[in-house]
Amino acid sequence: MRIVIALGGNALLRRGEPLSAENQRSNVRVAAAQIALVYPGNELVIAHGNGPQVGLLALQTAADSKNQPYPLDVLGAETEGMIGYMIEQELGNLLPSDVPFATLLTQVEVDHRDPAFRHPTKPIGPVYSRPTAERLAKKYGWQIASDGEKYRRVVASPRPKRIFELRPIEWLLDKGTIVVCAGGGGIPTAYDEHHILRGVEAVIDKDLCSSLLATSLKSDLLVIATDVDAVYCDWGTPRERAIAAAHPEALEKLSFAAGSMGPKVQAACEFARKTGNRAVIGALGDIESIVSGKAGTQVSTNYKGVQYRRPTL
């Protein structure tokens with residue numbers, strides 16, 4: 001079975017957790033332990049988010065008053081290498097020594113005319129109190145938005161149109177390689193008026209890119225691993241309920257936050273609808289159970305309506 005596993009940036013650096021290398025490695029280690037359990041007999045492609053990481057690098061480069069800040073496409077490429085290295089090493093320590101790995105810097109085409117450039121929604125970097133976020137926004141010219149009880153910087157998140165490195169990914173899979181790619185949704189690029197490919201100041205949504213990747217690779221399963229154990233209806237209210245399984249059309253009729261669960265639900269529904277295969281949204285530490293169909297929110301055209309998980313007594 002060919003499986004695309006998309007690791008959330010907030011799962012690799014949990015909300016409110018210090019943005020240290022060791023914390024990232026510790027969370028990658030949790031993911032690696034789960035992925036190692038589903039490796040036997042499967043082809044694996046691992047994508048990952050980079051919202052907290054790219055935001056941290058952007059904050060660091062903006063603090064250098066002597067030079068222009070590095071653009072987001074370059075910072076995205078940096079995070080692809082950093083997180084890919086950690087995933088390769090931690091997973092490699094758990095699997096037989098002859099298992100090959102490859103991390104690919106993945107350029108993804110977007111459209112300059114995408115309306116997302118006029119309405120930034122993608123949260124990046126650490127969370128702040130409202131006064132701190134407003135002070136930083138004024139200092140650096142950021143746009144900010146609420147993220148739960150906290151605030152984060154938000155940037156444009158255009159839809160991915162094409163993954164340029166798709167053929168090398170397929171070649172590596174044919175040779176039995178575990179491929180880490182499309183990190184952070186890939187490096188955002190677009191053609192200018194002279195048909196020259198250039199980087200774009202944006203962060204592509206990792207889940208939508210992972211859905212495109214899984215669909216393009218004709219994958220059997222898309223796993224979207226995040227920092228919650230399922231998709232919840234009425235999240236954060238006394239009526240919140242975990243969704244066990246759903247048909248894409250039924251799930252899309254519900255309302256989810258645009259900057260967090262919304263893109264995950266959209267990505268899962270698009271993959272399930274286009275391929276007829278299963279997509280699952282669940283917790284980083286439940287990947288083995290997610291693959292076996294025992295955890296997370298299972299999305300498939302084979303289900304009817306929305307099925308809620310029975311509450312634990």
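Me: What makes strand E10 count as largely enclosed by the rest of the structure?
Reply: Four of the five residues of E10 are buried. A buried residue has under 20% relative accessible area. With four of five passing that test, E10 is largely enclosed. Keep in mind that this is a predicted model.

Me: How do you know that E10 and E11 pair, and in which sense?
Reply: Pairing needs at least two bridges between two strands. Strand E10 (residues 187–191) and E11 have three bridges, in the antiparallel sense. They therefore meet the cut-off of at least two. Tyr191 stands opposite Leu197 in E11. Ala190 stands opposite Arg198 in E11.

Me: What makes strand E4 a partner of E10?
Reply: The cut-off is again at least two bridges. Strand E4 (residues 107–109) and E10 have three, so they pair. Here the sense is parallel. Glu109 stands opposite Thr189 in E10.

Me: Why is the pairing in the sheet called mixed?
Reply: The sheet is open, and its four strands run in the order E8-E4-E10-E11. E4 and E10 pair in the parallel sense, while E10 and E11 pair in the antiparallel sense. The pairing of the sheet is mixed.

Me: Why do strands E8 and E11 stand at the edges?
Reply: Strand E8 (162–163) and strand E11 (197–199) each have a single partner strand. One side of each is therefore left without a neighbour in the sheet.

Me: Is His195 buried or exposed, and how do you know?
Reply: Its relative accessibility is 58%. Exposed means over 50%, so His195 counts as exposed. His195 is found in the loop between E10 and E11. That hairpin has five residues between the strands, and His195 takes a positive phi near 60°. The C-alpha atoms of His195 and Met82 are separated by 30 Å.

Me: Is Arg25 buried or exposed, and how do you know?
Reply: Arg25 has 14% relative accessibility. The cut-off for buried is under 20%, so Arg25 counts as buried. The place of Arg25 is in helix H2 (residues 21–38).

Me: Which residues is Arg25 in contact with, leaving aside its neighbours within four places in sequence?
Reply: They are Tyr85, Met86, Gln89 and Glu90. Contact here means heavy atoms within 4.5 Å.

Me: What makes helix H7 largely enclosed by the rest of the structure?
Reply: H7 covers residues 206–216, and eight of its 11 residues are buried, so the helix is largely enclosed. Among the buried ones are Leu208, Cys209, Leu213 and Ala214. Lys206 and Asp207 are also buried.

Me: How do you know that Asp205 caps the N-terminal end of H7?
Reply: A side-chain oxygen of Asp205 lies 3.0 Å from the backbone nitrogen of Asp207. A polar contact needs a pair of N or O atoms within 3.5 Å, so the distance of 3.0 Å passes. Just after H7, Lys218 takes a positive phi of about 55°.

Me: How much space lies in the second largest pocket?
Reply: The pocket holds about 240 Å³. Of its 15 lining residues, those closest to the centre are Thr121, Ser157, Leu208, Ala258 and Pro263.

Me: What is the make-up of the lining of the second largest pocket by class?
Reply: The lining has five nonpolar, six polar and four charged residues. Helix H9 (residues 261–275) gives the largest share, three residues.

Notes: Residues numbered from 1 in each chain as written. Predicted model: local features only at pLDDT ≥ 70, side-chain atom pairs only at ≥ 80, totals over all residues. Heavy atoms only, no water. Buried < 20%, exposed > 50% of the residue type's maximum accessible area, 1.4 Å probe, protein only. Polar contact = N/O pair within 3.5 Å; in protein donor to acceptor, adjacent residues only side chain to side chain. 1 Å grid on protein atoms, 1.4 Å probe; cavity = no way out; pocket = protein on both sides within 12 Å on 5 of 7 lines; lining within 4 Å. Points joined across faces, edges and corners; volume = space filled by probe spheres on them. Nonpolar A, V, L, I, M, F, W, Y, C, P; charged D, E, K, R; others polar.
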